[in-house]
Amino acid sequence: MEKTINKWLEKGLIDKETALRLINEAKEEAEGLQKIHSLIALYVVGAVLLGLGVISFIAANDWILEFLKSSDFLKILLLSGTTIGSFYGGYKLAYENKNYPRLGRTLIFLSTILIGATYALVGQIYHLNANNSFLMFLWTASILPLAYIFKDKAINILSIILFIFGVIFYYMELSFDKGYTWTIFIPVILGTFLYSLGNIPSIQKNYNNFSLSYKLVGLAPIFTTLIILICSFKDSYELLSLNYILPIMFLFALNFAIVYLKEDKDLLFNLEEGFIFALLTLLVLILTLPVISIPLIMLTSHLLIIFVISTGFYFGYKFENVGLINSCTWFLIIYLTTTYCRFGWNFMDKTLFFILGGACLLGLGSFLERKKKETLKGSKWTWK
Amino acid sequence: MEITKIVYIIIIVWLGIIGVFVLSNDITMKTGKEVMLKIIPIDPRDLLRGDYVILNYEISSLPRNNEYKADQVVYAVLKTDDKNVATVDYIDKQYPKNKIFIKGIVRNKGWNSRIEYGIESYFVKEKTGRQLQNNLRRGAHAKVLIDKNGKAKVKELVY
């Protein structure tokens, strides 16, 4: 910021006194922000520790609970009271009295952990089956409204994590133990669902932060599956169970609805939706067809990965979004390394394999770094 | 809608969920008929709720080539001996009337076919799971309460 102000001073846009005042104000603001950030970090770490403490207290099922063993009702009452107290107290501090907004928001976040601990306690008292998806889905549904009402990114991320665990537990409970459920089906379904949430027009418009979280978390499992598909899979799965087909149909319907409802469809939106439909079609073909062409599936997976990476780079540079460029760089490195190992290992002398691979990656890294510097030079990202 | 009202609604919904959760399980504990089921335990740990013992019941076993589909709901109709130890009389796909029965779901995982009744976890104090597991290996029973809808809850372990 100081450099920019000095440039304004050199160009005569501002006088020396104004420049000095601007620099001082910018410094004060930066210091203030730093203090606030460290305060937020303190609150969040405190809340997470408290939440973990309560959960481990329940998990321990130990002397304090033994002390209260006269009544299960008392245990539930105690934890419910703490949860509601934390939530209501947080709301009062952050939104009604507004005297401690950050502490208030942290207490609300703490209550979203405590409500799950309360459900876990009830489950423990009645010996409900452990690790059940119902508990996770119930917890997610209980805290999701809070994320949207208070536009709280931390609660939204917690709900995404819980939802992911819920889906994993759900498929663990069903009578499936096939590897492809975990390597192909669940990652694609989860990733596509989360990514689609990020494209829902009202979420994009009113909760842009949430939209980015959904897309970023959603893209990781999708990418992992595509990498798995270019490495190995069997030639047919012939899976016609409703537990597989229904979620895919739901995702098709959801994305048709998103395309229908979106008013200003820009290039990025069209590309994203095109990618989702292509991915879901690929999943249906892999899971249902009695005979599938392995080279065709591998080629399609390669094309989809190249599409994701190149689109990400294009829009990353266009919108000067360093986060997106970095993610795409990681995706590119993983993709190139996997492809190189997949095809190079059997066809090359091992010494040549390592030397050539290492040299290519170093060259690529230097090229991408130079490109990033050139593109982002002078933009807001270079000094912020 | 005013945000304060939404906050009150969320509090009521949370308390409602906890209440329904407690009541639905408590009714089974208060009104259920008590039977003893023979168990074979294994010991794991739950991330959220600590030490627990997985209870594998004799009445859970199904022959490998059975007529039931994966994830199908079935009803295990029980008969008891003079010590109140229950065994499966027969398994019904329809809701049985005027019988003691447990509602379960068929799980087919590879070669292993069994019925899951929702009473397969028993939570214990931290660091006592392994000891309990050893005790249970010598032969044990679970005292189980079953309500009229076939919902079962473990009351205690007897060994």
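A residue counts as buried if 20 or more other C-beta atoms lie within 10 Å of its own, as exposed if 12 or fewer do, and as partly exposed in between. Lys151(A) has 13 C-beta neighbours inside 10 Å, so it counts as partly exposed. The model described here is predicted.

Lys151(A) sits in the loop between α6 (133–149) and α7 (153–173) of chain A. Its phi is positive, about 50 degrees, although Lys151(A) is not a glycine.

## A positive phi in chain B

Asn84(B) also has a positive phi, near 70 degrees, in a residue other than glycine. Asn84(B) belongs to the loop that joins β4 (73–80) to β5 (86–92) in chain B. Is Asn84(B) buried or exposed? Asn84(B) has 12 C-beta neighbours inside 10 Å, so it counts as exposed.

## Helices α11 and α12 of chain A

Two packed helices are described by the angle between their axes and the distance between the axes. For α11 (residues 242–261) and α12 (residues 267–288) of chain A, the angle is about 160 degrees and the axes are 11 Å apart. Angles over 145 degrees count as roughly antiparallel, so α11(A) is roughly antiparallel to α12(A). The crossing of α11(A) past α12(A) is left-handed.

Which residues of α11(A) meet α12(A)? They are Tyr244(A), Ile248(A), Leu251(A), Phe252(A), Asn255(A), Ile258(A) and Val259(A). On the α12(A) side, the partners are Glu273(A), Ile276(A), Phe277(A), Leu280(A), Leu283(A), Val284(A) and Leu287(A). By class, this contact of α11(A) with α12(A) holds 12 nonpolar residues, one polar and one charged.

## Helices α10 and α14 of chain A

Helix α10 (residues 208–231) and helix α14 (residues 322–347) of chain A pack at about 15 degrees, and their axes are 10 Å apart. Angles under 35 degrees count as roughly parallel, so α10(A) and α14(A) are roughly parallel to each other. The crossing of α10(A) past α14(A) is right-handed.

From α10(A), the contact takes Phe223(A), Ile227(A), Ile230(A) and Cys231(A). From α14(A) it takes Phe331(A), Ile334(A), Tyr335(A), Thr338(A), Thr339(A) and Arg342(A). The residues of the α10(A) contact with α14(A) divide into seven nonpolar, two polar and one charged.

## Pro101 of chain A

Pro101(A) lies in helix α5, residues 101–125 of chain A. With 13 C-beta neighbours inside 10 Å, Pro101(A) is classed as partly exposed. Pro101(A) and Gly90(A) are 11 residues apart along the chain. Their C-alpha atoms are separated by 8.2 Å.

## Chain B: layout

How many helices and strands does chain B have? Its secondary structure comes to two helices and 10 strands. From the N terminus on, the order of elements is α-β-β-β-β-β-β-β-β-α-β-β.

The C-alpha trace of chain B spans about 60 × 40 × 35 Å along its principal axes. Chain B has 159 residues, and 32% of them count as buried. Among the chain B contacts with a separation of 6 or more, 63% come from residues 24 or more positions apart.

## Chain B: domains

Chain B is divided into domain 1 (1–31) and domain 2 (33–158). The C-alpha centres of domain 1 and domain 2 of chain B lie 29 Å apart. The contact between these domains of chain B takes five residues from domain 1 and four residues from domain 2. On the side of domain 1 that touches domain 2 in chain B, two residues are nonpolar, three are polar and no residues are charged.

## Lys33 of chain B

Lys33(B) lies in strand β1, residues 33–42 of chain B. It has 15 other C-beta atoms within 10 Å, so Lys33(B) is partly exposed.

What is Lys33(B) in contact with, leaving aside its neighbours within four places in sequence? The contacts are Ile100(B), Leu145(B) and Ile146(B). Lys33(B) and Ile100(B) are 67 residues apart along the chain, and their C-alpha atoms are separated by 8.2 Å.

Methods:
Residues are numbered from 1 along each chain as its sequence is written. Chains are lettered from A and ligands numbered from 1 in the order in which they are written. This is a predicted model: local features need pLDDT of at least 70, side-chain atom pairs count only at pLDDT 80 or more; totals for chains, interfaces and linings use all residues. Axes are lines fitted to C-alpha atoms, for helices over the stretch in contact, and angles run from 0 to 180 degrees between N-to-C directions. Helices (H or I, at least four residues) and strands (E, at least two) are DSSP runs, numbered from the N terminus. Angles under 35 degrees count as roughly parallel, over 145 as roughly antiparallel, 65 to 115 as roughly perpendicular and the rest as oblique. A crossing is left-handed if the near helix is turned anticlockwise from the far one by less than a right angle, and right-handed if clockwise. Two residues are in contact if their C-beta atoms, placed from the backbone, lie within 7 Å. Ala, Val, Leu, Ile, Met, Phe, Trp, Tyr, Cys and Pro count as nonpolar, Asp, Glu, Lys and Arg as charged, and the others, Gly among them, as polar. Domain bounds come from an automatic or database domain assignment.
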